[in-house]
Amino acid sequence: MRHGSIPGARGRALPLSLLGDPVLHTRCEEVTEFGPQLARLVENMFSTMYAADGVGLAANQVGESLRVFVYDCPDDDDRRHVGHVVNPRLVEADGVVLRGPEGCLSLPGLEAGIERYDHAVVEGVTVDGEPVRVHGSGWFARCLQHECDHLDGGLYVDRVKGWRRRRVMWQAGRSAWGRGGERAEG
């Protein structure tokens, strides 16, 4: 039997910020106020992530320039990791560097091969201000690094070079969302 509530069950899906929206290219601010508003944001972020079939979501992807992300992501052993981190810091990214497919809810339908470490550790706090340390390996390590990049104002396409970058940007420009504004309903 499951104890506690399911993340996002009480939230609502928010509009997603898409490639080109300035909020995605600006370093997010530290969270200084903890309380119901922050808890509601995290709940809405889970709802948005699930509605968009994602495995992670940063606050700036829903237009909030705050250092918060949520995740529901498996590792390479199919162990599920579910949680959130407020004011995260990527304190370790090491191990083997692997190139793997990476996508983003802010660039729907697109992906590119990105090099990431296969081990990552993120430290921060919960919505209640309690310290949290999250260890990730494999796919989950990739997710943690990806979400921390978002909060620093980066997208995975910033890590793509040469013809691969040109191809992704060309695909983005030809997509329905790339031609029709900077925000789409999530």
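**Close-up 1. Glu-30 and its partner Arg-67.** In this predicted model, Glu-30 is partly exposed, with a relative accessible area of 44%. Glu-30 forms a salt bridge with Arg-67, and the closest N and O atoms of the two are 3.6 Å apart. The pair links distant parts of the chain, since Glu-30 sits in the loop between strand S1 (16-17) and helix H1 (36-51), whereas Arg-67 sits in the loop between strand S2 (56-58) and strand S3 (68-74), 37 residues apart.

**Close-up 2. Arg-67 and Asp-152.** Arg-67, at 5% relative accessibility, counts as buried, while Asp-152, at 43%, counts as partly exposed. The side chains of these two residues meet in a salt bridge of 3.2 Å, taken from N to O.

**Close-up 3. Strands S4, S5 and S6.** Strand S4 (residues 80-103) runs antiparallel to strand S5 (residues 111-125), and 13 bridges join them; S5 is in turn joined by 7 bridges to strand S6 (residues 131-137), again antiparallel. Val-122 of S5 is the bridge partner of Leu-90, and in S6 the bridge partner of Val-122 is Val-134. S5 and S6 form a hairpin with 5 residues between them, where Gly-129 in the turn has a positive phi of about 85°.

Close-up 4. The side chains of Glu-123 and Arg-89 meet in a salt bridge (2.7 Å, N to O), which links strand S5, where Glu-123 lies, to strand S4, where Arg-89 lies, 34 residues apart.

Definitions and conventions
Residues are numbered from 1 along each chain as its sequence is written. This is a predicted model: local features need pLDDT of at least 70, side-chain atom pairs count only at pLDDT 80 or more; totals for chains, interfaces and linings use all residues. Side-chain values use heavy atoms; hydrogens and water are left out. Two strands pair if DSSP finds at least two bridges between them. Helices (H or I, at least four residues) and strands (E, at least two) are DSSP runs, numbered from the N terminus. A salt bridge is a side-chain nitrogen of Lys or Arg within 4 Å of a carboxyl oxygen of Asp or Glu. Buried means under 20% relative accessible area, exposed over 50%, partly exposed in between (1.4 Å probe, protein chains only).
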